Amino acid sequence: DDEAFQTFKAIRWAENGGEPVCPKCGSFAVYTYAARRIFKCKGCASQFSVTSGTIFANRKLAIRDYLAAIAIFVNGAKGISALQLSRDLNVQYKTAFVLAHKLREAMAAEQQGATVGGADVIVEVDGSFYGGTIRQENKVVERIDRRLKRHQSGLRRAVVVMRERGGRALPFVFKSEGDALDTIVSRVKPGSTVHVDEASVWDVLHARFDMRRINHSVAFSDDGACTNQAESFFSRIRRSELGVHHHFSPLYLHQYAGEMAWREDHRRTSNGDQFKAVAKAAAAHPVSRQWAGYWQR
């Protein structure tokens, strides 16, 4: 426990040499209690702990369990399910579910406001659909064509990714690929060379960018035009859906997409550095407005 406390303390306040800083007023003059692992600010007289003001605020678990959860979480190449995490940490499924989503929120925070591309930079744009399927009937004569719109549940969502070739990936969730056009224009820098497939929904991007098109019914790549790195991202998220989670709720699809984009961006980073990056992101992220008190609504 003492080692975990000192480790999280050093990660959170690394810029101050591991010494605590008041999260309310930013004062460096802080008392340290000897009997309890809490601090008191000399400036505003507020008391705080090592997790106050972070995404782990109002925690119930020991700090070592959070550090263990981060280590387990980053070790999964295709992610880790809440059920598996609950077994590894010996906690309830609901606790692991919220904890995993808090980590995803902290990981995806580095993508907020980010842009890709630039002059002479290639950006691959592609979309993939998730969810919304309905179960087939037992008897063949009673089965329907699930591809038809009238037979769909309305929960189908499109994940559209803008991936800089050799760089970062920015995923977004929409009801259709066409809804992503405004976001693409705002997140891809002018002067970028954009590679897309043959779908007609991307035709309007020709007015904004230097475009390259690849017809996937003919080839995966043609004279350098391809969306293979965008497809690599979709391969990872699809493997995660089918092999790890089995299902993505459309309500949280954006968080799973953000997690997989982070894993793609850091795929060449060692596990130790990934652990440090996620721990630092969790310590720097403010209290979650979506997951704090989630089960209490």
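**Chat: helix pair and sheet**

Modeller: Helices α3 and α4 are roughly perpendicular to each other, as angles of 65 to 115 degrees count as roughly perpendicular. This is a predicted model; local features need pLDDT of at least 70, and side-chain atom pairs count only at pLDDT 80 or more. Residues are numbered from 1 along each chain, and side-chain values use heavy atoms, without hydrogens and water.

Biologist: At what angle do the axes of α3 and α4 cross?

Modeller: Roughly 115°, and the axes come within 8 Å. Axes are lines fitted to C-alpha atoms over the stretch in contact, and angles run from 0 to 180 degrees between N-to-C directions. Helix α3 spans residues 82-89 and α4 residues 93-108. Helices are DSSP runs (H or I, at least four residues), strands are E runs of at least two.

Biologist: Which residues make the contact?

Modeller: A82, L83, L85, S86 and L89 of α3, with Y93, A96, F97, L99 and A100 of α4. Contact means heavy atoms within 4.5 Å.

Biologist: New topic. What is the strand order in the open sheet?

Modeller: β6-β5-β4-β7-β8, with mixed pairing. Strands pair if DSSP finds at least two bridges between them. The edge strands are β6 and β8, each pairing on one side only.

Biologist: How many bridges join β4 to β7?

Modeller: Three, and these strands run parallel. I122 stands opposite T193 in β7.

Biologist: And G166, buried or exposed?

Modeller: Exposed, at 73% relative accessibility. Exposed means over 50% relative accessible area, buried under 20%, partly exposed in between (1.4 Å probe, protein chains only). G166 lies in the loop between β5 and β6.

Definitions and conventions. Angles under 35 degrees count as roughly parallel, over 145 as roughly antiparallel, 65 to 115 as roughly perpendicular and the rest as oblique.
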